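Biologist: Can you walk me through this one? I'd like the packing and then the charged pairs.
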Amino acid sequence: MKASFGAPGRVFFIDYDRQFHGNRFCDRVEPNPNDAETWFFTYGANQAAIGDFLDSIPQVQEVLSGHSNRTMSYATLLQVIAEAAGDNKEKRDILVDLTRVFHPKLAGHRIIERRLRNVVTATRARPPPLIVAPVVDAKA
């Protein structure tokens, strides 16, 4: 990457870490999934409920225990959890929490987009088109 810096079609590392300072759930005294100033998803469900549910799934316990040579991809893990949840809404909500935790919320994505546009503008490259996708609440 360093060798390509300055060349046509160059690659840039865009560091937006400073913009997130104070807005991670680990920056809060009491993490709150509904806090507008927290720009990352945290566990919405009770963490004990998540642990209890995962403990009830033998395939997950086999892999997480470390006492098995078996491995499982993240996609397979989510499929196993989905099958175990069945139609139980509370357990399906746990699955949603597990798939989005640590990912930025809309406010975080806006910061990343702003930093990207600043770099593109500063390098006089043609900016990408702005496409705004509708926000869908996964728990709705």
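Predicted model: local features only at pLDDT ≥ 70, side-chain atom pairs only at ≥ 80, totals over all residues.

Biologist: Fine. At what angle do H2 and H5 pack?

Modeller: At about 105 degrees, with the axes of H2 and H5 10 Å apart. H2 and H5 are therefore roughly perpendicular to each other, since the 65 to 115 degree range covers that label.

Biologist: Which residues make the contact?

Modeller: From H2, Ala-49, Ile-50, Phe-53 and Leu-54. From H5, Lys-91, Ile-94 and Leu-98.

Biologist: Stay on H2. Which of its residues are buried?

Modeller: Ile-50, Phe-53 and Leu-54 are buried in H2. Viewed down the H2 axis, the buried residues fall within an arc of 95 degrees, so they line one face of the helix.

Biologist: And what is exposed on the other side of H2?

Modeller: Asp-52 and Asp-55 are exposed there.

Biologist: What does Ile-57 touch, leaving out residues up to four places away in sequence?

Modeller: Ile-57 touches Val-80, Ile-81 and Ala-84.

Biologist: Switching to charges. How many salt bridges does the structure hold?

Modeller: The structure holds 2. In general, side chains of opposite charge can pair when their charged atoms come close.

Biologist: Start with Lys-89. Which residue does its side chain meet in a salt bridge?

Modeller: Asp-93, at 3.1 Å from N to O. Lys-89 and Asp-93 both lie in helix H5. They sit 4 residues apart, about one turn of the helix.

Biologist: Is Lys-89 buried or exposed?

Modeller: Exposed: the relative accessible area of Lys-89 is 52%.

Biologist: And which residue forms a salt bridge with Glu-113?

Modeller: Arg-117 does, and the closest N and O atoms are 2.4 Å apart.

Biologist: Where do Glu-113 and Arg-117 lie?

Modeller: In helix H6 (residues 106-122). Glu-113 and Arg-117 are 4 residues apart, so about one helical turn separates them.

Biologist: What is the relative accessible area of Glu-113? And what about Arg-117?

Modeller: Glu-113 has 29% and is partly exposed. Arg-117 has 24% and also counts as partly exposed.

Definitions and conventions:
Residues numbered from 1 in each chain as written. Heavy atoms only, no water. Contact = heavy atoms within 4.5 Å. Buried < 20%, exposed > 50% of the residue type's maximum accessible area, 1.4 Å probe, protein only. Helix = DSSP H or I, 4+ residues; strand = E, 2+ residues; numbered from the N terminus. Arc of directions from axis to C-beta. Salt bridge = Lys/Arg side-chain N within 4 Å of Asp/Glu carboxyl O. Axes fitted to C-alpha atoms, helices over the stretch in contact; angles between N-to-C directions. Parallel < 35°, antiparallel > 145°, perpendicular 65-115°, else oblique.
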